[in-house]
Amino acid sequence: MNEHQRLLTLIETSRDGILLVGLDNRMQVENAPPLEMLGLPGAPNVWTDRPVGDALDLLEEHAEAGAEAIGTEMKRIDGGDEPAGEGEFEVFPRSIHWLNLPVSVQDRPLGRLWVLHDVTEERLLAKMREDLTHTMVHDLRNPLTGIFTALQLLDSKLTDVITPAQHRLFEIATNSTQRMVDLVNSIL
């Protein structure tokens, strides 16, 4: 297997979407994931040597935000702004993170490499983690605040009835509860 075949095998087996767009804004190399992520029909070879505009026209029909993000990035590059670009857009039901890199060989520009990564699951897990943390903190803070208030009230009302050792237990319980409330508040 020569170097070119190894590179194509690597691209074809990548889970990330890979698109190589030439200076003429035609797709030179692509694998299957970006077509699936963007909802574009056909196999990768169908898109080889086609203008990026063809893909944007189809994308605009069902994922306007994605078409707009890619179109804006293409205009930026066509305007001479050549550094790498990065961002995210939604193609329902997916969240796509994209990276756009300049490609050159021996200081001769060849085009742009677009790498698309489906971050839907990562965003969903982060949201679930955030919701769980928020729920746990609120579910802990309310009863802890009630316990803290009840301990203070009992200690103040029972001052004449309890022994110094029992008063010390109320102080320990009150201080411990206050530390837990402070911990929950700091998490919030």
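These numbered points go through the confidence, strands, salt bridges and surface of a predicted model.

1. Confidence. The mean pLDDT of the protein is 84, and 98% of its residues reach 70 or more. Among the elements, helix α1 (residues 3-13) has the lowest mean pLDDT, 79, while β4 has the highest, 88. Where pLDDT is low, predicted coordinates should not be read in detail.

2. Strand β3. This strand covers residues 85-91, and its side chains alternate between two faces. Gly-85, Gly-87, Phe-89 and Val-91 point to one face and are buried.

3. Pairing of β3 with β4. Strand β4 covers residues 94-105 and runs antiparallel to β3, with seven bridges joining the two. They form a hairpin with two residues between the strands.

4. Pairing of β4 with β5. Strand β4 is also joined to strand β5 (residues 108-118), by 10 bridges, and these two strands run antiparallel. One of the facing pairs is Pro-102 with Arg-112 in β5. The hairpin of β4 and β5 has two residues between the strands, and Gln-106 takes a positive phi near 50° there.

5. How many salt bridges does the structure hold? There are seven. In one of them, the side chains of Glu-88 and Arg-123 meet at 2.1 Å, N to O. This pair links distant parts of the chain, with Glu-88 in strand β3 and Arg-123 in helix α6, 35 residues apart. Glu-88 has a relative accessible area of 37%, so it counts as partly exposed. Arg-123 is likewise partly exposed, at 38% relative accessibility. As a general point, side chains of opposite charge can pair when their charged atoms come close.

6. Lys-127 forms a salt bridge with Asp-131, and their closest N and O atoms are 3.0 Å apart. Both residues lie in helix α6, four residues apart, which is about one turn of the helix.

7. Other salt bridges. Arg-50 forms a salt bridge with Asp-54, the closest N and O atoms being 3.3 Å apart. Arg-50 is partly exposed at 27% relative accessibility, and Asp-54 is partly exposed at 28%. Elsewhere, Glu-36, Arg-94 and Asp-118 are linked in a network of salt bridges.

8. Nonpolar surface. Which residues make a nonpolar surface patch of about 300 Å²? They are Leu-124, Leu-125 and Met-128. Leu-125 is found in helix α6, which covers residues 120-157. Its relative accessible area is 44%, so Leu-125 is partly exposed. A residue needs over 30% relative accessible area to be part of such a patch, and Leu-125 has 44%.

Methods. Residues are numbered from 1 along each chain as its sequence is written. This is a predicted model: local features need pLDDT of at least 70, side-chain atom pairs count only at pLDDT 80 or more; totals for chains, interfaces and linings use all residues. Side-chain values use heavy atoms; hydrogens and water are left out. Patches are made of residues with over 30% relative accessible area and no salt bridge: like charges are joined within 9 Å, nonpolar side chains (Val, Leu, Ile, Met, Phe, Trp, Tyr) within 5 Å. Accessible areas come from the Shrake-Rupley method with a 1.4 Å probe; for residues, only the protein chains shown count as cover. A salt bridge is a side-chain nitrogen of Lys or Arg within 4 Å of a carboxyl oxygen of Asp or Glu. Buried means under 20% relative accessible area, exposed over 50%, partly exposed in between (1.4 Å probe, protein chains only). Two strands pair if DSSP finds at least two bridges between them. pLDDT is the predictor's confidence in each residue, from 0 to 100.
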